[in-house]
Amino acid sequence: MTAKALARTFALAVWRLVQHDEEGVPAAIFEMECMTCHERSGPDETGKRPPIWALEHAGMAPGHRVFKLHTETYWRAEPSASNPLAEAPA
Ligand SMILES: [Zn+2]
């Protein structure tokens, strides 16, 4: 097999993207950022704290009214059953 054929084999391999849901990995992490001063709420896995922080921040600095919600989620690429890199079933 030539290097070109090997590269083609990898290009044709099927992968799927799944949420990385192993124990200890949060489903998501949320953090609010003030778009005026760029202060941040701090990361929160529940999503409840960032909006409260934004309201408190606006209350303390009334000119700061625009926020960006940063959301991180974790994903893992897995080879499909037809992919040569797939693990054999146990
Ligand atoms: Zn601010």
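W15 sits across from P79 of strand β4, in a model that is predicted rather than solved: local features need pLDDT of at least 70, side-chain atom pairs count only at pLDDT 80 or more, and totals for chains, interfaces and linings use all residues. Residues are numbered from 1 along each chain as its sequence is written. The C-alpha atoms of W15 and P79 are separated by 4.5 Å, although the two residues are 64 apart along the chain. P79 itself belongs to β4; strands here are DSSP runs of E with at least two residues, helices are runs of H or I with at least four, and both are numbered from the N terminus.

Strand β1 (residues 15–19) runs antiparallel to β4, and five bridges join them; for two strands to count as paired, DSSP has to find at least two bridges between them. Further along β1 comes L17, whose bridge partner in β4 is A77. Those two are 60 residues apart in sequence, yet 4.6 Å apart in space, C-alpha to C-alpha. Once residues up to four places away in sequence are set aside, L17 touches W75 and A77, a contact being a pair of C-beta atoms, placed from the backbone, that lie within 7 Å.

How buried or exposed is this pair of strands? None of the five residues of β1 is buried, so the strand lies largely in the open. Strand β4 (residues 75–79) also has zero buried out of five, so it too lies largely in the open. Leaving out neighbours within four places in sequence, P79 is in contact with A13, W15, L85 and A86.

Stepping back to the whole chain, there are two helices and four strands, and they follow the order α-β-β-α-β-β along the sequence. Buried residues account for 8% of the 90 residues. Among contacts between residues at least 6 apart in sequence, 57% join residues at least 24 apart.

Some of that burial turns up in helix α2 (residues 49–60). This helix has twelve residues and covers 16 Å from its first C-alpha to its last, close to the 16 Å expected at 1.5 Å a residue; the expected span is 1.5 Å times one less than the number of residues. Which residues of α2 are buried? They are P50, A54 and H57. As background, an α-helix has 3.6 residues a turn, so residues three or four places apart point the same way. The buried residues of α2 pack against β2 (29–34) and β3 (67–72). On the face turned away from the buried side are the exposed residues I52, L55, E56 and G59.

Apart from neighbours within four places in sequence, the contacts of P50 are F30, E31, M32, S41, D44 and L69. P50 and R40, ten residues apart in sequence, have their C-alpha atoms 8.6 Å apart. R49, also in α2, has 16 other C-beta atoms within 10 Å, so it is partly exposed. With its neighbours within four places in sequence left aside, R49 is in contact with S41 and D44. The C-alpha atoms of R49 and F30 are 8.6 Å apart, across 19 residues of sequence.

One backbone angle is also worth a look. H38 has a positive phi of about 65° although it is not a glycine. This residue is found in the loop between β2 and α2. H38 has 9 C-beta neighbours inside 10 Å, so it counts as exposed.

Methods:
A residue is buried if 20 or more other C-beta atoms lie within 10 Å of its own, exposed if 12 or fewer, and partly exposed in between; C-beta atoms are placed from the backbone. Two residues are in contact if their C-beta atoms, placed from the backbone, lie within 7 Å.
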